[in-house]
Structure formats: C-alpha cells, structure tokens
Amino acid sequence: MRIDVLTVLPGLFDCFLREGVIGRAVKSGKVNVNVVNIRDYALDKHRVVDDVPYGGGPGMVLKPEPIFRAYDELTKEGEKPLVILTEPWGEVFNQDMALELSKKGRLMIICGRYEGVDERVKSIVDREVSIGDYVLTGGELPAMVIMDAVIRLIPGVLGNRESLSADSFMDRGLLGYPNYTRPSEFRGMRVPDVLLSGHHRRIELWRKEQSLKRTLDRKPELIDKLMREGKLSKEEIE
Ligand code: ADE
C-alpha cells in the first residue's frame, strides 16, 4: 500500500514512521508512506499556505493552490488514491472503516489545519473523516490514528503473536477480553484460574464470555447491531 500524507507539519510524522510496528511495516516495504510538505508546493517566494477567510472572521484558512499542485503532481501516474480529508465534522472513524481502507492500494490523507481548509479542496476529496467528537489543532494526529489502525491490518504487518490477540473478537465487532501476564498473583490480585489451567477450549470459552459481558456492559448497542447483521446468535449470548 502507498499512502501520501499532505501536511504543513511533516516533522510530526518522524517518530511515528520510525518506531514500533509501523516503523517495521515501513522498513519492510509493506507500506510506503510519503509525507509531503504542502509548503513545498506554495507558489510565492514566502511559501505561504494559508490566508484570511473571505467574509472576515477569526483564524486562517489553508489555501487551495498548494494542495491542488501537490495532488496533481502526486497523482500524475500510478493508481488513483482514495483521498481522505481529516475534519472534526467528518464521518467518525471506526474499525469497519479501517478494514475497508486497509484493502485499498493507495490512500492520500490531507491534514486539515488552522480554522479550516478552502472548501474547493473538497472537490478532490472522497471522504471527510473525524477521529472523534472533539476538536484538535490539526489533522496530523488524526492522520496518524487512521494510518496506525489501517497499516496494522495490512497482511503480514502484525506478527503471529500480535495478531493472535483480542482481534479475533474485535473483528466480530465485540470488545476485547481481559488480559493478564506473570506474576499469577500481584498485590493480592489473582489471575483467573481458567487462564492457568492450560485447557485451551475452556480458555477460549471464557474469553468469548468475557468479551460478550464487556460489550453488553459498555456498548450494548453493538450487540443489537451484530444480532441484526446476523453476526451473533441468540444462543451465543445465553
Ligand atoms: N481536526 C481537528 N479535530 C479533528 C478530529 N477530531 N478529527 C479529525 N480531524 C480533526
């Protein structure tokens, strides 16, 4: 997969792309992330990327020309990307969307900034995406959140050990089960006996039950949704 990120703060992506699972995916070539400084595509000698809004009001708006120039240049050849604009008012990002995006060959993420982006930029945007109902100073963290969730789903990015985690339940749309590691007793708190039993079938059943309980407790609306979609049966809940 290739991801082009258009931003006015490219330095923010350095650690993210260098460390951990994402760093490994980049190094191994499973994903090719191209961070582009929108400023490099500004037309004037001061490389201005924002301007005051028409009609007045506070704040600055990202200008359209540098973004369109970057887009034109980057899409001259190769597969056309699915273009995402990070927006506090966009559709809220979730695991289903991450899965859908992970199947694309190419993405472009335009990081919104300041008080907004010139509305005409939206003519090249396929999806406006928010990472939650709160307002951040810019779209860089949202872009990293989206990339993290998407890249880890690319086949081969997670090792066996990592992919064997609670994801099998998450994939079904349930919340993850409780996890423990050594020591088996810590400050008077004991690891549930079943996890020490070595009985794989019982452990699997316990985890499924815990996942269901947690979901019923914290996000009961998910249970209704999964039942409506036929992904969860009445018997499994009982
Ligand atoms: N830009 C500012 N806040 C945001 C959010 N919550 N999601 C996506 N982009 C944003």
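**Reading a predicted chain: contacts, sheet and ligand shell**

Me: In this predicted model, what share of the contacts with a separation of 6 or more comes from residues 24 or more positions apart?

Reply: Residues 24 or more positions apart make up 75% of the contacts in the chain with a separation of 6 or more.

Me: What does the chain contain in helices and strands, and what box does it fill?

Reply: There are 11 helices and 10 strands in the chain. Along the principal axes, its C-alpha atoms fill a box of roughly 70 × 40 × 40 Å. Of its 238 residues, 22% count as buried.

Me: How do I read a sheet, and in what order do the strands of the open sheet with E3 stand?

Reply: Strands of a sheet pair through backbone hydrogen bonds, and the pairing is either parallel or antiparallel. Here 3 strands form an open sheet in the order E3-E4-E7, with mixed pairing. Strand E3 (50–51) and strand E7 (116–117) are at the edges; each has a single partner strand, so one side of each has no neighbour in the sheet.

Me: How many bridges join E4 to E7?

Reply: Strand E4 (residues 61–62) is joined to E7 by 2 bridges, and the two run parallel. Across this pairing, Val61 stands opposite Gly116 in E7.

Me: Which residues surround the ligand?

Reply: The shell consists of Thr86, Glu87, Pro88, Gly112, Ser130, Ile131, Gly132, Tyr134, Val135, Leu136, Gly139 and Pro142. Strand E5 (residues 82–92) gives the largest share, 3 residues. By class, the shell divides into 6 nonpolar, 5 polar and 1 charged.

Me: Where does UniProt place the feature "binding site"?

Reply: The unreviewed UniProt entry places it at Gly112, Ile131, Gly132, Asp133, Tyr134, Val135 and Leu136. The computed shell around the ligand includes Gly112, Ile131, Gly132, Tyr134, Val135 and Leu136.

Me: Where do Gly132 and Asp133 lie in the chain?

Reply: Gly132 sits in the loop between strand E8 (127–130) and helix H5 (140–151). Asp133 is likewise found in the loop between E8 and H5.

Me: Is Gly132 buried or exposed, and is Asp133 buried or exposed?

Reply: The count of C-beta neighbours within 10 Å decides this, and 12 or fewer makes a residue exposed. Gly132 has 11 such neighbours, so Gly132 counts as exposed. Asp133 has 8 other C-beta atoms within 10 Å and is therefore exposed.

Methods:
Residues are numbered from 1 along each chain as its sequence is written. This is a predicted model: local features need pLDDT of at least 70, side-chain atom pairs count only at pLDDT 80 or more; totals for chains, interfaces and linings use all residues. A residue is near a molecule or strand if its C-beta atom, placed from the backbone, lies within 6 Å of it. Helices (H or I, at least four residues) and strands (E, at least two) are DSSP runs, numbered from the N terminus. Ala, Val, Leu, Ile, Met, Phe, Trp, Tyr, Cys and Pro count as nonpolar, Asp, Glu, Lys and Arg as charged, and the others, Gly among them, as polar. Two strands pair if DSSP finds at least two bridges between them. A residue is buried if 20 or more other C-beta atoms lie within 10 Å of its own, exposed if 12 or fewer, and partly exposed in between; C-beta atoms are placed from the backbone. Two residues are in contact if their C-beta atoms, placed from the backbone, lie within 7 Å. UniProt positions are given in the numbering used here, feature names are shortened, and annotations may be inferred rather than shown by experiment.
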